[in-house]
Structure formats: C-alpha cells, structure tokens
Amino acid sequence: MSEDCVFCQIIEGNIPGRTVYEDDDVFAFLDANPLSRGHTLVIPKNHHERVSDLPPEDRAAVFETLGRLAPVVEAAVDADGVTVGMNDGEAAGQEVPHVHGHLVPRFDGDGAGAIHTIFRSTADLSDDELDEVAEEIKAAAE
C-alpha cells in the first residue's frame, strides 16, 4: 500500500468508494468520474504503478477479473458492449499512478467511438519500418 495513493486509500476504506467486487488480489469499484453508467475500475490490491511492474500473479488476477467482470458490468447496465482499456504511464493518460483497468459500458449511438479514435493522426510507416519495429519488439520480448 502507498499512503499517498488515492486507490490504496479506497482499498483501505479511508476514502469512500462504490465497491462492486473484491477478492484477495483485486479490488473493483465504480469510477468517481464515469465515462458512462457503470464505468468500473479494476485494480490490484498491491500497489504497482505500471503494468510492467506487476508480478505475474497480480497481472493474472487483474486481467482475469477484467475478463470476468466485463460481461457482468455490461449486463448490469443493459449496455451493448464494453470498452476495456488501460492507460499505462503519464504519457498514455494515466492520472492515478496505480495500475487500473477500465470497463466502460458502451451503448449504441453513444458517440464515443472506437479506441482508435483517441489518436488525431496515425503513424505513417513503410513496410520496411513496420518490419524493423516488429523485429525490435520480438527481440526485446525473447
């Protein structure tokens, strides 16, 4: 736990939150500034700032819970779909430095668009550049 982390304080009960699910490893609650009705955050109980900081057991618990709760949230608010997302790092829009996944219920005609719409322009890469990036990622992942 981090004493200066708002999410850790919610887990501890020092800041009120609308808990929707909890087990030994994860905590899920409604976003205080929801993008839609039912917008839920899923966080590891252990404090980690970035996805890459998560030990395998916490990573598995967070992603398993996102997958399990997505249809539950969707059904609870009678949504037509759910956008599942994570902002990993300040440059990506992460406002609270504690790993958290978003389950954002989506409704036909809500006007929010697909995840690709968050970028104003796309990268214009040649086939050679794409091949080079793919090889760099592949080599780093091995």
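**Sheet and surface patch at a glance**

L30 sits across from T40 in strand 3. We're looking at a predicted model, where local features need pLDDT of at least 70, side-chain atom pairs count only at pLDDT 80 or more, and totals for chains, interfaces and linings use all residues. Numbering starts from 1 along each chain as its sequence is written, and side-chain values use heavy atoms, with hydrogens and water left out.

- Five strands form an open sheet in the order 1-2-3-5-4, with antiparallel pairing; strands are DSSP runs of E, at least two residues, and helices are runs of H or I, at least four, numbered from the N terminus.
- Strand 1 and strand 4 (81-86) are the edges, each pairing on one side only; pairing takes at least two DSSP bridges between two strands.
- From one strand to the next, the twist averages 20 degrees (axes are lines fitted to C-alpha atoms, with angles from 0 to 180 degrees between N-to-C directions).

**Strand partners**
- Strand 1 (residues 19-22) and strand 2 (residues 26-30) run antiparallel, joined by three bridges, and Y21 faces A28 in strand 2.
- A hairpin of three residues links strand 1 to strand 2.
- Strand 2 also pairs with strand 3 (residues 40-44), antiparallel, over five bridges.

**The nonpolar patch**
- L125, L130, V133 and I137 make a nonpolar surface patch of about 340 Å² (residues with over 30% relative accessible area and no salt bridge, nonpolar side chains joined within 5 Å; areas by Shrake-Rupley with a 1.4 Å probe; a salt bridge is a Lys or Arg side-chain nitrogen within 4 Å of an Asp or Glu carboxyl oxygen).
- L130 belongs to helix 3 (residues 127-141).
- L130 counts as partly exposed because its relative accessible area is 42%, between the cut-offs for buried (under 20%) and exposed (over 50%).

Methods: Patch = residues over 30% accessible without salt bridge, like charges linked within 9 Å, V, L, I, M, F, W, Y side chains within 5 Å. Buried < 20%, exposed > 50% of the residue type's maximum accessible area, 1.4 Å probe, protein only.
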